[in-house]
Amino acid sequence: MESTHLLGGSKKRVKIHPHTVTAKYATHTPYAPQPGVHTHFPQPGDDGYDDAPSFEDFGSFVEETSDRKQLTESRKWPLTLFGSRHNDKDTAHKLQTVGGGEGSEGSAKAAKGSGKGVGEQLASFGEASVSASRLTWVGLLGAALAHGSLIVLTRVASERFSLGPLFLLLVRSIVQLLSLAVPLHRGENPFGPEGYRLRLLCYGIAYSLSLCCAYSSLTFVSPGNATTTWRLATTALSATLAFLLLEERLGLADGITIAAGLCGLGLVLLPAVDETNSDSPTDPAVFWRGAFGWSLSALAGLWMALALVGYRSLKERVGVGTALFTVSWTGCLLAPASLALLQEGWSWPTSVEAWLLVLGLAACSVVAFLGMTHALTRLHPALVSASQSLEIPIAMLLHLAVLPLAPTAPEVVGSVMVILSVGWLVAMKLLPSRVGGRRQREEYEEILDSPIK
């Protein structure tokens, strides 16, 4: 398809290809329209033209175009697991609906005269974008606090009330079934929109399998080691899977920061001095029991990384309430299966304190899930997982308050590295450099000035 546009004394020929857009300029004497060539482009005020796109749309534009994702998506990964066969149809439908009549030119001029200037629009856009980013990171930090509380509450429930981890997972999944009210209230299908239900089901199964593996590992290794291994594997694998399945890359600064956080998690996993200097022979049963627990933790990280990447591909189609309900009902099916497989006994709470503890676990899990899932609509899965590494130092501090246990030197150093890495990550996102801000403003102005929308 070719289109011509008069610019000064030059003739602009634009060739639009499914993957590329090419523009050529050539000087011609008086412009004469050619028969069969479309020469109209939507102008401000026409139907389908958005003069000042919202910061959410522009934020996704900057994120997608920074690595030319859209131009190579269908060419490089036509059969990707998380790709949508409806993307091309949606894009074609949008292209067909863009445009408008000539009668709206007067209203467009009036809107230009009474509206804000580009500078004021950019300023308001920047303020709104920073405000939304702050809310996103506040939700992520709140989710990390909830995750740290979950670790401590699970350990207290196991040691003081003899409640098994998988039983706690089953109870919290049953309580979270109340989230069914959210999609019903919004008039949405609780099992997802048509055409995306299978992918939503895979997301729920991956998330529930991750929780089952993580809670099962608590039977074989200590909660601190199991959680640290789970978080380390989730962060590393989500960065890899997001690149392979979604072609979402991490920036150099983000990659260095996440690597520093992973090194801190590795220091937390270092064995204590008394364990390394032990001369007594290791029981083979104890060794294989520990190895099985570590394997379950790593497997939980793999399933969680798949779940994060899966929801990242569904962020525009599936709401947070629908995702929570999916995770809840799949957990109600997989948790009893894990209980029967590991032959973990049923132990119901027998006191009011135990029931309050279980309800507190369910509340913390809901808060953590909402914070993470909402952040996935705006941030890279690896960044979301890396921010949750704060649960390790938070759980350590809560352990000192609830279960007095002195941490080792590697645990302290590793926790400090995790705190510094997450703090630096948040600072980079909320306090962008002038160069980055100027670049985004230039791209935004280029969008507004371009005749092709």
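**Figure 1. Helix α9 gives the second largest pocket the largest share of its lining, five residues.** Welcome to a predicted model, in which local features need pLDDT of at least 70, side-chain atom pairs count only at pLDDT 80 or more, and totals for chains, interfaces and linings use all residues. Residues are numbered from 1 along each chain as its sequence is written, and side-chain values use heavy atoms, with hydrogens and water left out. Helices (H or I, at least four residues) and strands (E, at least two) are DSSP runs, numbered from the N terminus.

The volume of the second largest pocket is about 790 Å³. Among the 30 residues lining this pocket, Ser222, Gly224, Asn225, Val268 and Glu411 are the closest to its centre. Two or more lining residues come from each of α5 (118-160), α9 (223-246), α11 (273-276), α12 (284-313) and α16 (391-402). By class, the pocket lining has 17 nonpolar, eight polar and five charged residues. Here Ala, Val, Leu, Ile, Met, Phe, Trp, Tyr, Cys and Pro count as nonpolar, Asp, Glu, Lys and Arg as charged, and the others, Gly among them, as polar.

A word on terms: on a 1 Å grid over the protein atoms alone, a pocket is an open set of points with protein on both sides within 12 Å along at least five of seven lines, while a cavity is a set of points where a 1.4 Å probe fits but cannot get out. Lining residues have an atom within 4 Å of a point. Grid points are joined across faces, edges and corners, and a volume is the space filled by probe spheres set on the points.

**Figure 2. The largest cavity has a volume of about 300 Å³.** Its lining is made of 22 residues, of which His147, Leu150, Ile151, Tyr215 and Trp230 are the closest to the centre. Helices α5, α8 (197-217), α9 and α14 (352-376) each give two or more residues to this lining. Sorted by class, the lining has 14 nonpolar, five polar and three charged residues. In total, the structure holds three cavities of 30 Å³ or more.

**Figure 3. The second largest cavity has a volume of about 60 Å³.** Residues lining this cavity include Thr235, Ile258, Leu262, Ser389 and Val422. Helices α10 (252-268) and α17 (409-430) are the elements that give two or more residues, and α10 provides the largest share, five residues. The lining has seven nonpolar and five polar residues, with no charged ones.

Figure 4. Gly290 and Ser222 are 68 residues apart in sequence, with 9.4 Å between their C-alpha atoms.

**Figure 5. Helix α13 bends by about 30° at Gly331.** The bend at a residue is the angle between axes fitted to the seven residues ending there and the seven starting there. With 23 residues (320-342), α13 reaches 31 Å from its first C-alpha to its last, close to the 33 Å expected at 1.5 Å a residue. That expected span is 1.5 Å times one less than the number of residues. Just after α13, Gln343 has a positive phi of about 55°.
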